[in-house]
Amino acid sequence: MHVALDEFTPRIEEDMNEIFSLTEATARNLSGVSMGDSSVELALLQLRRDIPASYNTYIVDTNNTIQAITGTSEEQKPVGTQSCANITEEDLKSSKNTSIVTSFYTFNDGKQGIIVISPIYSSNGTYTGTLRVSLDTAYLFSGAVDQLRSDYGYTIWSIQQDGCLIYYEDTELLGKNTLNNEIYTEESSFNVAQLVTEKPEGNISYVFYNVGWVEKGLINAVWDTISFPDGTEWRIVLTDDISMNNIDTDNEHSSSQFTTSELRTFVEKAYVYAQTHTKEEALKAFNDRNGEFINGELYIFAYDINGTTLALPYQTQLLGINRLQAEDITGVKYVQREIARTEQGGGYVYCQYPNPAKGFARELKFAYVMPINNNWFIGAGLYMDNTSFEPCGDMRNEMISQVRNFQYLSKIMPEDELISMLNDTNGSIQVDGLYPFASTYSGTILSYVMDPSVIGNNHLGYVNSYGMSIGREAIPLAQSGGGLLYSLVWDPELERDVYVLIYVEPVTEDTYYGSMIILE
Amino acid sequence: MFLGLAIMVILCVSLFAAFFGTEYVIDKSLEDPDVLLNVAVVGDDIIVTIYEGRRIDELLTLSVEIEGVTLPHSIASKPAPDNGSGEVLFVGACAGITGTRDVAVRGTFSNGRSLLLKLYTVKFT
C-alpha cells in the first residue's frame, strides 16, 4: 500500500503546484491592467483552459466584490456580488504573498470545492485584489484515483487539517467534517479521523462503510501529507476498501441477469404503481428491501427534481440528501443527467457506479428513468456485462482543455475561421483520440470531426440505439454552463455505436462546442 | 339555473368527501385513472405509452399538442392501440422544437367526448 501511496501523492502535489504556478503567473500578468481591458477576459479564459479541474476563474477587489468572471452573460451574473471567501491583504501577507488554498466551500450555484487565490498588484505595487480559481476537488483527484484503482485496486480519501473531507469517491460527502459530522460519529471512524488529522503520516485498520455504502467492512489505510506554501496541509489516505481480493468472481450476480428491456419493464411497473398510489405509499414501497420493487440486482430509486433522494433501498442513509452535484469517477454528474432525461419524458441514461458484485469497482451502469410528474422521478439500473472502461482521467482533462481552448479562440478570431480550423482534420488544433464538434443551440451541426458528412444537418432528431438524442441532451447541458455526459454515437469507421464521454461548453450566445473520447 | 346546478354538484361532492373522507376521494381517483400514460421525446418523435386505465378500451384516438406549435392533423393525431395499451408514435412531432414547452395529450373516446389525459412540461433542449 505504501508503494501505491508514494506513487499517488506526488501526482496530486504536482497538479496543485502547477495550479499555483499558473495562477500566480496570470496574477502577475494582470498587474496594472484595468478591469475593462479585453486582456482580462482572455487571461481568465486561458487560465480556465489550462486548469481542467477549475469551475471558473475570476477577479475579486479589495472589498471582496467580484469584478470579472469567465462565462456567458448568464454566468457573468455574480459580477458585482460578494465572493464567498473573504480573503484580505493581511491573510496573503501572512502566507508570504504566495497563493492561498482555501477551505472547502459550497458556492452560490451549489457547486462545491476549494479556491486557489493569488494577489494582484497595481503597476506601483499597491494591492488591488485577487485572482481566484475555484476548483472541483473531485475532478482534481479522480483521474489519479482512476489510475490507482486500475493499477492497484485501492482508493483514496483526503481531508484538510480541520477534518473537512475534500475528496472521497461518494462526492456527496465532500465538505463534511470527519471530526463532527453524524456520519462519522461511530467511535471507530471518529478515532481514525482524529488520528489522521493529528499525525502527518501513519497506518491504521478500521471498520466503516465500503465504497458504495451497502455494508461495513474492515478497511486498511495508510496516509501521508501534502504541504502547500501557505502552510495548508492535506492528508492523503489510501484504503483497500475496494480491494480486488473482495471480488467474488463466482457470484451469480457478477453479470447482469436482466436485459435492458426487462429493466424498462421493471421501471414501468413502478411508474404505474406510483401513478395509482399516493407519493407516500409509493416511496414506502420503493424503500422496502423486502417489497415487490426489489428483484435481484434491480431496485427502484427516486429523486425529486432538485436532486434530493426520496428512495434508495440499499443506501437509506442517503434519503433526504441532495445529490444534485454527485459525480461519478469521471466527473459525470449522474443525478443531473437523470433529471435532464426525465425532463424529456424519461429514457435511458449511463453513469459509472460502484458494482457490489465486483468489489464495488466502478462499472458502466445503464439506468432507465421516468418522471412521475414534473416534481419527482423514479428509475432503476443494471450493470452492463463486460463494460468497464480503461482510466481516462488524463484524456478527459485534455478534452476539457481542448473545448475551453475553442472558447478562448472564439474571442480572438471570427467564428467561421474557428469552425474551419475545427473542420480541418489534419490541423494543429486537433488532438489524437479527441473528436471535437460544434453546433448551434437550434441543433445545426457546424463541425463534427468523427463524421464530417453530417455537417449542416440538424442533429436534434438523431437518436442512438437506445433512443438517446445527444443534441437534446448536450444543448441544455451547455446552456447550463457545460459539463460531461456519456452516450453512444455512431462510429462510421467501425460501423456501429460506440460508448463515448462527451464534454460541452457554451461558446457564444448561439453556439456550443464540445469534444468526445471513445471509451471502448 | 346553471348556478343552481353547480351549487348542487359542489354540495354533493362536499357531502361525499365528508362521508368517505377526502383521502378516499383522492385515492379512488388515483386507483381508477381513465387512461394511464407517459409521454416522452425521442429525437424528433414523441412517444405516448399507454399502460392501463378503466377507459382504455373506449379510447379511439390520441392527439398531442405542443405549446406554441401548430402541428398538422396527420402528425398530431393517431389511432389508439388496438388492444388498449401500448405505444403510439407521433413521428416528427417535435422536429426542430427547442426550449421548454407544455405538452398535452388528449384522447377521444367511443362516446365522442374528448378528454385531456396528460399535461407535462417538457424540456426539449
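The model is predicted: local features need pLDDT of at least 70, side-chain atom pairs count only at pLDDT 80 or more, and totals for chains, interfaces and linings use all residues. Residues are numbered from 1 along each chain as written, chains are lettered from A in the order written, and side-chain values use heavy atoms, without hydrogens and water.

**Strand β1 of chain A**

Helices (H or I, at least four residues) and strands (E, at least two) are DSSP runs, numbered from the N terminus. Strand β1(A) spans residues 54-61, and eight of its eight residues are buried. Buried means under 20% relative accessible area, exposed over 50%, and partly exposed in between (1.4 Å probe, protein chains only). Two strands pair if DSSP finds at least two bridges between them. The table lists the partners of β1(A).

| Partner strand | Residues | Sense | Bridges to β1(A) |
|---|---|---|---|
| β6(A) | 127-135 | antiparallel | seven |
| β2(A) | 66-69 | antiparallel | three |

Asp61(A) has Gly129(A) in β6(A) as its bridge partner. Val60(A) stands opposite Ile66(A) in β2(A). The hairpin of β1(A) and β2(A) has four residues between the strands, and Asn64(A) takes a positive phi near 65° there.

**Chain B against chain A**

Contact means heavy atoms within 4.5 Å. Chain B brings 28 residues to it and chain A brings 30 residues. About 2,200 Å² is buried between the chains, 52% of it on carbon and sulfur atoms. Buried area is the accessible area (1.4 Å probe) that two parts lose on being put together, summed over both.

A salt bridge is a side-chain nitrogen of Lys or Arg within 4 Å of a carboxyl oxygen of Asp or Glu. The rule finds two across this interface. One of them joins Asp44(B) and Arg472(A) at 3.8 Å, N to O. On the side of chain B that touches chain A, β1(B) gives the most, with seven residues.

**Gln407 of chain A**

Gln407(A) lies in helix α9(A), residues 393-412. Gln407(A) counts as buried because its relative accessibility is 6%. Its side chain meets that of Glu505(A) in a polar contact of 3.1 Å. A polar contact is a pair of N or O atoms within 3.5 Å; within protein, one must be able to donate a hydrogen and the other to accept it, and residues adjacent in sequence count only if both atoms are side-chain atoms. Beyond neighbours within four places in sequence, Gln407(A) touches Leu45(A), Arg48(A), Glu505(A), Pro506(A) and Val507(A).
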